[in-house]
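Dear colleague,

As promised, I am handing over the structure with this email, and below it I set out what turned up when I went through it. Please keep it open beside the text while you read.

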Amino acid sequence: MRIVVIDFISLDGVVQAPGGPEEDTDGGFAHGGWSHPFFDPEVVGGAFADAMTMAEALLYGRRTWQSMAAAWPERAGDPFADQMNSIAKYVVSQTLSDDELKTWDNTTRIPGEQAVARIRELHETDGGDLVVMGSPTLVRTLLRECLVDELRLMIEPVILGGGKTIFPDDGALRTLELVSTVTNGTGVHVCTYRPAAKG
């Protein structure tokens, strides 16, 4: 399975709380919901719809899964919501209980200490894409472990001055290849990157 990461990101590399004020206030982050002014259903919404066309399962960190699980089940009725609710989901967590997992159908917990090994197993199996949304701590780990096959970034024309990022800070050089880019009317660049072939 290919691992495809899709995230909103600011010009200064922040991915924290794009969806709403209370989504993630860690570190005193005060700009929750910053992606909303730049959203459009055709280009930005289309990027998510396109990522889901090949998706066989979704992969989340705990906090992102909890925010998604609180939002999507009640939106049943439109095709994208129905796909989000019915598709297989994995969440990396040490703390979620079996009862909590039942709040969003088809969710399987991956214990934190098993995350890299279990995700590597999924990566090596045949199937469609394993799509990761949000989940900055998890994405940092996946990038560090060279487990990301495609990185789709919605680069938004805003500087947030600090917050969570998806990029490892281990000093390693990782070269990517830009395979497509499209810009919407609000200045968002939807850029798709893949690891550059080693030559």
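Pro111 lies in the loop between β4 and α5 (115-124), where helices are DSSP runs of H or I with at least four residues and strands are DSSP runs of E with at least two, both numbered from the N terminus. With a relative accessible area of 16%, Pro111 is buried, a word that here means under 20% relative accessible area, while exposed means over 50% and partly exposed anything in between, with a 1.4 Å probe and protein chains only. Leaving aside residues up to four places away in sequence, Pro111 touches Ser93 and Gln94, a contact being heavy atoms within 4.5 Å. Pro111 and Thr95 are 16 residues apart in sequence, and their C-alpha atoms are 8.4 Å apart in space.

Ser93 is placed in the loop between β3 (88-92) and α4, and it is buried as well, with a relative accessible area of 4%. Again not counting residues up to four places away in sequence, the residues that Ser93 touches are Arg62, Arg109, Ile110, Pro111 and Gly112.

Before going further, please note that this is a predicted model, in which local features need pLDDT of at least 70 and side-chain atom pairs count only at pLDDT 80 or more, whereas totals for chains, interfaces and linings use all residues. Residues are numbered from 1 along each chain as its sequence is written, and side-chain values use heavy atoms, with hydrogens and water left out.

Taken as a whole, the protein chain has six helices and eight strands, and from the N terminus on its elements follow the order β-α-β-α-α-β-α-β-α-β-α-β-β-β. The radius of gyration of the protein chain is 16 Å, which agrees with the value near 16 Å that a compact globule of 199 residues would have; this radius is taken over C-alpha atoms, and the globule rule is 2.2 Å times the number of residues to the power 0.38. Along the principal axes, the C-alpha atoms fill a box of roughly 45 × 40 × 35 Å. Of the 199 residues, 46% count as buried, and of the contacts with a separation of 6 or more, 69% are between residues 24 or more positions apart. The accessible surface comes to about 10000 Å², and 53% of it belongs to carbon and sulfur atoms; the areas come from the Shrake-Rupley method with a 1.4 Å probe, and for residues only the protein chains shown count as cover.

Turning to charged pairs, a search of the whole structure finds 13 salt bridges, each defined as a side-chain nitrogen of Lys or Arg within 4 Å of a carboxyl oxygen of Asp or Glu. In one of them, the side chains of Asp24 and Arg63 meet with an N to O distance of 3.6 Å. Asp24 lies in the loop between β1 (3-10) and α1 (44-53) and Arg63 in helix α2 (residues 62-71), so this pair ties together parts that are 39 residues apart in sequence. Asp24 is buried, at 6% relative accessible area, whereas Arg63 counts as partly exposed, at 33%.

Another salt bridge joins Lys164 and Asp26, whose closest N and O atoms are 3.0 Å apart. Because Lys164 lies in the loop between β6 (150-156) and β7 (176-183) and Asp26 in the loop between β1 and α1, the pair ties together parts that are 138 residues apart in sequence. Lys164 is partly exposed at 22% relative accessibility, and Asp26 is partly exposed at 36%.

Asp99 and Lys102 also form a salt bridge, with the closest N and O atoms 3.5 Å apart; Asp99 counts as exposed at 55% relative accessibility, and Lys102 is exposed at 61%. Elsewhere, salt bridges that share partners join Arg2, Asp50, Asp129, Glu150, Arg152 and Arg194 into one network.

Finally, the backbone. Most residues other than glycine have a negative phi. Asn106, in the loop between α4 (98-101) and β4 (107-110), has a positive phi of about 65° although it is not a glycine, and it counts as partly exposed at 45% relative accessibility. Ser135, in the loop between β5 (129-133) and α6 (136-144), likewise is not a glycine and has a positive phi of about 55°, but Ser135 counts as buried at 3% relative accessibility.
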